[in-house]
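My notes follow the order in which I checked them.

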Amino acid sequence: MNFEKRSRREALYLLGVCGAPLLAASPFAFFKSNYSPLTFADANLSNIRRRQPEVVIVGNSMVFGRMDTDYLEGLLKPRIMMSFTDGGSRSLHWFLILKNYLAAYSPAPKLVVIVYRDYDFGIPNLQLDGQYLEKLRHVMRPDDEERLKQALNHENKNVLKTWLNNHFTATHENAHLNQKLGDLLYDVVGKLGPVSDDALQLYTKQIFDLDQIRADIPEESEQSNKDDDSDDIKFTADSQQNLLQDFVSIADSKDIKLVFYRVKRRPSAKGDKAQRPAILSYTSDFKAWAESAGHYHIDESDDARITLAMFNDGDHLHKAHFRAYTDLFAARLSPYLPEPDDVKNKEARMGKVSK
């Protein structure tokens, strides 16, 4: 659908109208504390204590949108397996799962598999606003505040977004206000003319980048599934740049082996395309670093068995292919799996040994 072009005067008027709610709401940023109180989700700890898993899968929809975790659990028996996944989560969330849950009790899992895409570990400020920041607050401990602040401001050249991240999106009241403001802007722009909801959303996105301030945009938007063009990202495990060294330090302290598992992105209509030199170099350096640190890296990107026909939306798969993909995942993981506990050790892990 083609939108009618509007005059500069109308555009300036629209910006003024939509900017007014933001200005009116700005006192919230100054008079509210920067972050909402931590409300740690203890239920996860209870589940870990109850099951004492030996293998844990951590990630986002690249786990539950591609494989059947119940089926995988059956494939890994007699090992005990659990998964910790949250849609939209990225490296900081995954690190906090490792630190505050998996390494919090003994015995810790023997193997933790972290499923990721391309530069997820190289861009630590991914998905740290709106609802994703609220979710993050539920897996944080007080000593994690500095890590959050560092991640939020990681090489963020957008001064306005940095200010919004630090002041607008973190408190409960501001998260609610964030969504209301997004709705208000959407409604105001809707007064421009009778257009469909989809067309209106596209139009407002083009003008205001509305997906950055609305709290209800789903994780797997079309944009989030395009190939990352961040060719300027070079691999590093510098603790000032990302959390990779922290992952290793926590894992080593509890004798946990890590597997960094890179998934294959959606092929093009013409089939598998050659990966860009930048991502090949990044992934090669990532693998070399992980192995030099005593851990593992798996990359399924060149697996020709994962075809375009298996994909649904973005990088998700059709459910009909979940089990076939899970078989491939389990086979690739097999060389790194720990030996299963014998019956006595398993009962001890489960807290069932009688005195």
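I began with Asp 144, which forms a salt bridge with Lys 99, the closest N and O atoms being 3.1 Å apart. Asp 144 sits in the loop between helix H6 (130-137) and helix H7 (145-152), and Lys 99 sits in helix H5, so this pair ties together parts 45 residues apart in sequence. The model I am reading is a predicted one.

Are these two partners buried or exposed? I found Asp 144 at 1% relative accessibility, so it counts as buried. Lys 99 is at 16% and therefore counts as buried.

Next I looked up Arg 147, whose side chain meets that of Asp 246 in a salt bridge at 3.6 Å, N to O. This pair links distant parts of the chain, with Arg 147 in helix H7 and Asp 246 in helix H11 (residues 244-253), 99 residues apart. Arg 147 has 23% relative accessibility, so I noted it as partly exposed.

I then noted a salt bridge between the side chains of Asp 68 and Arg 323, 3.6 Å from N to O. Asp 68 is in the loop between helix H3 (61-64) and helix H4 (69-76) and Arg 323 is in helix H13 (residues 322-333), so the pair ties together parts 255 residues apart in sequence.

How many salt bridges are there? I have the count as 19.

Last, I checked helix H2 (residues 43-51) against helix H5 (residues 91-102): their axes come within 10 Å and cross at roughly 60°. That makes H2 oblique to H5. I recorded their crossing as right-handed.

How values were computed:
Residues numbered from 1 in each chain as written. Predicted model: local features only at pLDDT ≥ 70, side-chain atom pairs only at ≥ 80, totals over all residues. Heavy atoms only, no water. Axes fitted to C-alpha atoms, helices over the stretch in contact; angles between N-to-C directions. Helix = DSSP H or I, 4+ residues; strand = E, 2+ residues; numbered from the N terminus. Parallel < 35°, antiparallel > 145°, perpendicular 65-115°, else oblique. Left-handed = near helix turned anticlockwise from the far one by under 90°. Salt bridge = Lys/Arg side-chain N within 4 Å of Asp/Glu carboxyl O. Buried < 20%, exposed > 50% of the residue type's maximum accessible area, 1.4 Å probe, protein only.
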